[in-house]
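Have the sequence and the 3D view open side by side.

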Amino acid sequence: MIEEALSHLVKGIVDNPDDVTVTDRNGRRGRTLEVRVHPEDLGRVIGRNGRTAKALRTVIVALGGESVRVDLVDVDGGKSRPE
Amino acid sequence: MSETTKETVIEQAEEKKPLLTRLEEEGEIAADYLEALLDIADLDGDIDMDVENGRAAVAIAGGNLSTLVGRNGEVLDALQELTRLAVQTVTDERSRLMLDIEGYRVQRREEIAEAALRAIEEVKSTGTAVRMASMNPFERKIVHDTVAESDLTSESEGEEPNRRVVILPA
């Protein structure tokens, strides 16, 4: 349910919804939902000062529990975190 | 009115949609986005759309949606942010849509207006300024609006998220 919810939330706010994929990874450090978007849409899902990424995390944690992490990745594999 | 004239009128209306139509469309886009989320999360909620004070307003009531409100409404604010973006993605225009869930904002508005009225009385009786608790822009506006109805004035001070309203003596 939670990856489907995240996928829906992201698809609704990008120009290339068909390029959105969410991968559910269960690792040693807990559950991570990896969101891949079209490179043109990465700025949009991050938002000004990371505002949109934070909003996505807030909603997903509310639905899925504190242990869920959300990672934003563009289709080239670059991480969204500041370098 | 002849057929041709009617058609011309409709075409013009489509070209430049009135504000009310645009806001109603915003509400519909928002409702679709939120309804699909409720379905996925298996949550029950009735979605109500309206236009208030020149903004689209969407309210969800279900009785069991407190997870979507969150502590201090933080999940609600996040959902509102995402919903505005979803609307913008379709319309290409900035949205100032207001989202409410389980009447959280309505209740909050009442609480803040009451607190502002108490502070106004305090300023009047003591003659000294009163600093309100830190609030978000939506909440500060409620205080400013309440003060504007009295014969006092107010201003904001500090930086987000600690920005607060100060009510000044006359």
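Start in chain B. B:E52 stands opposite B:R55 in β2(B). The two strands involved are β1 (residues 46-52) and β2 (residues 55-61) of chain B, which pair in the antiparallel sense over seven bridges. Strands pair if DSSP finds at least two bridges between them. β1(B) and β2(B) form a hairpin, with two residues between them. In that turn, B:N53 has a positive phi of about 50°.

Now move across to the other partner of β2(B). Four bridges join β2(B) to strand β3 (residues 98-101) of chain B, and these two run parallel. Here B:I60 stands opposite B:I101 in β3(B). Helices (H or I, at least four residues) and strands (E, at least two) are DSSP runs, numbered from the N terminus.

A word on what you are looking at. This is a predicted model, where local features need pLDDT of at least 70, side-chain atom pairs count only at pLDDT 80 or more, and totals for chains, interfaces and linings use all residues. Residues are numbered from 1 along each chain as its sequence is written, chains are lettered from A and ligands numbered from 1 in the order in which they are written, and side-chain values use heavy atoms, with hydrogens and water left out.

How confident is the predictor in chain A? Its score is pLDDT, the confidence in each residue, from 0 to 100. The mean pLDDT of chain A is 86, and 88% of its residues reach 70 or more.

Next, look where the chains meet. 18 residues of chain A are in contact (heavy atoms within 4.5 Å) with 17 residues of chain B. The area buried between them is about 1600 Å², and carbon and sulfur atoms give 74% of that. Buried area is the accessible area (1.4 Å probe) that two parts lose on being put together, summed over both.

What charged link joins the two chains? There is one salt bridge between chain A and chain B. The side chains of B:E81 and A:R51 form it, at 2.8 Å, N to O. A salt bridge puts a side-chain nitrogen of Lys or Arg within 4 Å of a carboxyl oxygen of Asp or Glu. On the side of chain A that touches chain B, α1 (2-11) and α3 (51-64) of chain A each give two or more residues. The largest share, eight residues, comes from α3(A).
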